[in-house]
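Q: I am new to this structure. Please show me how to read its features, step by step.

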Amino acid sequence: ERDTARRRVDELEAREVDVVLLREDLEKRTAELEAAKRKVDLAEKKAWLAAHDVGFFSMWNGTDHSGPPKLALLCNDTFAWATADAEDVLDEQIDTIVELFKSEGEAGVIKWIAQQRNMKPMESVGKWLFGCDAIKKERDDLQAELERVRADNKALDKWRADVTMALQRPEGAFFVDVPQHIKDLVKERDELRALVAANKETKHDAI
């Protein structure tokens with residue numbers, strides 16, 4: 001029985017080792033898969049930026065064009081007139097560039113390049129950037145107003161539907177079917193009527 005028990009313990013220990021090895025292998029393969037997904041994601045985002053003329057692929061390594069392809073952001077005639085200029089981008093910066101371009105367009109990318117270089121664009125470019133900020137704010141304000149109107153219209157449509165259903169009842173619609181802002185107006189009207197009546201009574205008593 002001791003030998004049997006010992007063999008059983010040895011088998012369990014061997015299985016435990018196998019489980020540990022399998023878990024390590026799974027973690028390694030999972031990490032490789034995530035790295036591969038990230039590589040594909042970066043490649044797609046770089047291609048998207050290039051397709052929108054935000055940047056281009058370059059193999060320039062500082063000496064010749066034999067380096068690995070990398071994305072460079074276009075900023076021609078931005079910091080000086082009549083200059084062909086570009087800013088190299090690291091892989092860990094790609095997500096930021098994509099979000100900036102989606103939210104602010106070319107102006108957002110130029111601002112990012114200026115921050116990276118700690119340089120101010122030319123005055124004419126700077127005025128354009130400020131103009132883009134003003135347009136963006138106006139757009140955001142209009143979008144907020146549009147959402148407010150949509151919400152009001154949605155509430156009104158719901159009220160109309162509720163009232164339509166209420167009117168189909170044999171006993172008709174009730175005050176509860178009226179929207180709150182109408183109730184508030186009715187309450188204010190009643191309060192004003194009460195004040196007017198009280199004022200008339202005061203004048204009558206005075207006479």
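A: Start with the terms: helices (H or I, at least four residues) and strands (E, at least two) are DSSP runs, numbered from the N terminus. Here the chain follows the pattern α-β-β-β-α-α-α-α along the sequence. The model is predicted: local features need pLDDT of at least 70, side-chain atom pairs count only at pLDDT 80 or more, and totals for chains, interfaces and linings use all residues. Residues are numbered from 1 along each chain as its sequence is written, and side-chain values use heavy atoms, without hydrogens and water.

Q: How many helices and strands are in the chain?
A: The chain has five helices and three strands.

Q: In what order do the strands form the sheet?
A: Strands of a sheet pair through backbone hydrogen bonds, either parallel or antiparallel. Two strands pair if DSSP finds at least two bridges between them. In this model, three strands form an open sheet, ordered 1-2-3, with antiparallel pairing. Strand 1 and strand 3 are the edges, each pairing on one side only.

Q: Which residues does each pairing involve?
A: Strand 1 (residues 55-58) meets strand 2 (residues 70-74) over four antiparallel bridges. Strand 2 is joined to strand 3 (residues 86-88) by three bridges, also antiparallel. Look at Ala 72 in strand 2: Ala 72 is the bridge partner of Phe 56, and Ala 72 also stands opposite Asp 88 in strand 3.

Q: What share of the chain is buried?
A: Buried means under 20% relative accessible area (1.4 Å probe, protein chains only). Of the 207 residues, 19% count as buried.

Methods:
Buried < 20%, exposed > 50% of the residue type's maximum accessible area, 1.4 Å probe, protein only.
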